[in-house]
Amino acid sequence: MHPAIQGLLTIAFGVGGCVGYFYFSNLVLDRVIFPARGAHIARNIRRANMIRPWLFLFPALLALGLYLAYPVVETLRLSVTERVPGGGSEFVGLANYQQMLAEAKFWEALQNNFLWLLVVPAASTAFGLLAAQLTDRLAWGNIAKSLIFMPMAISFVGAAVIWKLVYDARPEGTDQIGVLNALYIYFGGDGPMQWLTIPFWNSFFLMMVLIWIQTGFAMVILSAALRGIPEETVEAAIVDGAGPFQIFFKIKVPQIMDTIVVVWTTITIVVLKVFDIVFAMTNGQWETQVLANYMYDKLFRANDWGVGSASAMVIMLLVLPILVWNVYNARREMR
Amino acid sequence: MTVIAGEKPALIWALRLSVVLLVGLWLFPTLGLLVSSFRTSDQIATSGWWRAMFPSEQNLTLRTDPPSAQVQEGDLYVIEGRLFAEGTSSEISAWGTSARDPAAYEPGISAELRRGGTLMVAADGAYRLESTEEISGKRGPRVFVTATVPPEFTLENYETVLVSGNATDNMAKAFFNTLTVTIPATIIPILVAAFAAYALAWMEFPGRALLVAAIVGLLVVPLQLALIPLLKFHNEIGIGKGYIGVWMAHTGFGLPLAIYLLRNYMVGIPRDIIENARVDGATDFMIFVRIILPLSFPALASFAIFQFLWTWNDLLVAMVFLIDATGETTVMTKQIVELLGTRGGNWEILATSAFVSIAVPLAVFFAMQKYLVRGLLAGSIK
C-alpha cells in the first residue's frame, strides 16, 4: 500500500475515534441514561448536567494522568529499583543514584547543563529584548520581527544541520565552506578549526543554536510588553531630559520585569528538556554531554533503566521550583 | 517614522543599521542551507555558499579526447576539441601539463608535451594537440587548468531526495510518516483539550480550581520522565511501537498547554451568550459545538500551530514510541540525524533533506504567524 494511503487510513481511524467518543457519549447520556423526557425530566437533566463535566474532562484527565502524572511516580520508583536477570525488579535503595554520582559523564552533563541554564536564557532574553526595542518603531519592523522569529518554526534537527554547515571545517589550504572558519581565516586565524571538538568552548557553539531559535520567542513577548508601557511614563522621562539609554534601562525595563521573568523561566524549561541539538550535533562527545542526552544514553544505549530514571529525576528536581512557582501563581489568580 | 523629542537622526540611522545587521545575522545560517540545497556537490565542496552567485575559480584536472579521435592533417596528427561541454562559459586563466606545475602556461600558448607533440589551450577551453607521430594510448593526456567556472544551480538534489534517491537518501516515505504522525497528533489533543477547557471554564463542579492548578503544574513536567514508564505501558497493552502510541504520547504531552491556552481564552467569552443559550434550552454539548467552538477559533488556531510545529519537529518522542527496528515508520527528523552520522560530508543531500523537512513548518509559520503570536501572548502574559 502506498504510504500516503496508509497514512490517510490511520489518520481517519485516529481522529474518527476521538470525535466518536465525544458525540456518542453525550448522545448516550442524553437519550439513554437520563433522557430529557418522561416523568423525571427535571431530575434527569440535572443529573445529566452533573455527569457531563466529567464526560468532557474524562479523556483529558486520563491522558494527563497517564502520560504526565503517573510517569513522575513510576520513574521515581524505577530510580530506586534495578532489573534482575530473568524479569522482575528489586529494590536497591539509592544505589542507582550512587552509581550515577560516581560517573564522570554525569558530572560533565550536570556542569554543562548549568552552563546552558546560565547562558541560553540570559542571551536569548537579552537578544530578544534588544530586537524588540530596536524593531518596535521601525516601519518595516514587523518584517524584521518575522525573520528573527522564523527559527522558531525550524526543528532542532534542522537547526543542527544549518549550524553544522556554519561550523564546517575543510582541510587547510582549501576554500572553507563553513562561514565561521572562512571568517576566522580571513581575519588572520591560523588554519581551520574543528569548532565542535574544542572542549568547553564547543558547548557554547551548541548553545548558539538554541539561542538563535529562542530569541524570536523572547522578542515577540517582550515587544508586546514594551508596547503595553504607558506612554506617559516615557514622555515624562523625556521631558526630564533622559537619554534613550536611560529611558530603556531605567524606565522601560523595570516596568516589564514580570514579563522578562516569565520569558526567562520559559526558556529555562526548554533548556532543561532540550535533547535534539546535542544528540544531532555531537551526541555528547568532546565533553558536550547534557542531562537530557545523558539520560537517553543510559535508557536506550546502555539499557540501564535504574540510572536513566535517576537522571530523569534530577531533571525533574531542577524544574520543581518553577513548577511550584507556577502553581502558586495560578492559585493566586484563581482567587 | 516620527521623530520624537530626545532622539537624534544619527541615532535613528544607527538603529536602522543595527536592525539590518541583526536580521542578517539571524537569516544568514538558514539562507546558507537554502542556497546549498540548489548547488552541485562539487560546487558545495569547493567554495563557500555565499559565493554561489559569483563565478568561482577552480583547479580542475581534465583530459583531451582519446587518441582514437585523432585526424591526420598533412604529416601532422591532430586532436581538436573543447575541454568543457558545449554551452558553458568557463574561462581558463592558466593551465599546465603536469601536476607539479598546474599553472605553467597562459591560455593561447603552445607547450611541449612530455610524450612528444605540442598542446595549445585557448581561454574558452578549445585545445589543439599536434604531433608529428601517431598518438598512441587509450586516453588523452591530462590537462591541468585553473578556470573560472560560472555559478551553477540545479534541482537535481531535490529530485534525489524526493523521487529517485536510494533508501537512505529518499525522504518521501519519511515525509508521509511525519504527516501521519502530525495530523492526528494535532487534531486529537485539540478536540480533547477543547472539551476539557470548556468544562473547566464554564461548568460548575467540585474540584475545579484544584484541577486548573494541577494542569498548570503539569505544564513544566519534563517529558523525559515519561519515556520508560510509558514504553512499558504501551508494550503491556499490546500497541508497542506504532502510530497509535505516538499519537497518544503527543496528545498527553500537548494537553497541558492546550487546556491552559483554551481555558484562558474561553473564560473571556461573555457569560451572557452562554446563559442565553442555556435559557433557550441548549444542552452544554450543543452550546459547546455551536457557540464556543466557532468563537474560540483564534485560540484553537494558535494551539494547532504550536502542536503542529512541535509534533512535526519532534525527534525524541518518535524515536522512543514510534520507530522500530524495521525502520518502516521513520520520520524525517530521525532520517536526517542518520544522514548526519553516515553522510556528514554529503552536504548536497543533507542540505536538501533538511530543507524539505523545514519547508512545511516554515510555510505554516509564515501563513499563520498572526495566530501563533496571539497564542504565545495569551500563554505567557497573565
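Across the interface of chain A and chain B in this predicted model, six residue pairs turn up in polar contact, both partners being at pLDDT 80 or more. On the chain A side, the biggest giver is helix α2 (residues 41-79), which puts 22 residues into the surface that touches chain B. Sorted by class, that side of chain A comes out at 77 nonpolar, 16 polar and 13 charged residues.

As for the extent of the contact, 106 residues come from chain A and 114 residues from chain B. Put together, chain A and chain B bury about 9,800 Å² between them, and 81% of that sits on carbon and sulfur atoms. In chain A, the residues that lose the most area to chain B are A:F56, A:Y67 and A:L68, which together make up 8% of what that side buries.

Charge pairing comes next. Side chains of opposite charge can pair when their charged atoms come close. Between chain A and chain B the count is one salt bridge. The partners are A:E74 and B:K232, with the closest N and O atoms 3.6 Å apart; a salt bridge is counted here because that spacing falls within the 4 Å cut-off.

Over all chains, a search of the whole structure gives eleven salt bridges. Among them is a pairing of the side chains of A:E103 and A:K298, at 3.2 Å from N to O. This pair ties together distant parts of the chain, 195 residues apart: A:E103 lies in the loop between α3 (95-101) and α4 (104-135) of chain A, while A:K298 belongs to helix α13 (residues 291-301) of chain A.

Turning to the strands, chain B has an open sheet of five strands, running in the order β2-β3-β7-β6-β5 with antiparallel pairing. The edges are taken by β2 (71-73) and β5 (110-112) of chain B; each has a single partner strand, so one side of each is left without a neighbour in the sheet. From one strand to the next, the twist averages 30 degrees. Within chain B, strand β3 (residues 76-82) and strand β7 (residues 126-131) pair up in the antiparallel sense over six bridges. To pick out one residue, B:I79 has B:L129 in β7(B) as its bridge partner.

Definitions and conventions
Residues are numbered from 1 along each chain as its sequence is written. Chains are lettered from A and ligands numbered from 1 in the order in which they are written. This is a predicted model: local features need pLDDT of at least 70, side-chain atom pairs count only at pLDDT 80 or more; totals for chains, interfaces and linings use all residues. Side-chain values use heavy atoms; hydrogens and water are left out. Contact means heavy atoms within 4.5 Å. Buried area is the accessible area (1.4 Å probe) that two parts lose on being put together, summed over both. A polar contact is a pair of N or O atoms within 3.5 Å; within protein, one must be able to donate a hydrogen and the other to accept it, and residues adjacent in sequence count only if both atoms are side-chain atoms. Helices (H or I, at least four residues) and strands (E, at least two) are DSSP runs, numbered from the N terminus. Ala, Val, Leu, Ile, Met, Phe, Trp, Tyr, Cys and Pro count as nonpolar, Asp, Glu, Lys and Arg as charged, and the others, Gly among them, as polar. Two strands pair if DSSP finds at least two bridges between them. Axes are lines fitted to C-alpha atoms, for helices over the stretch in contact, and angles run from 0 to 180 degrees between N-to-C directions.
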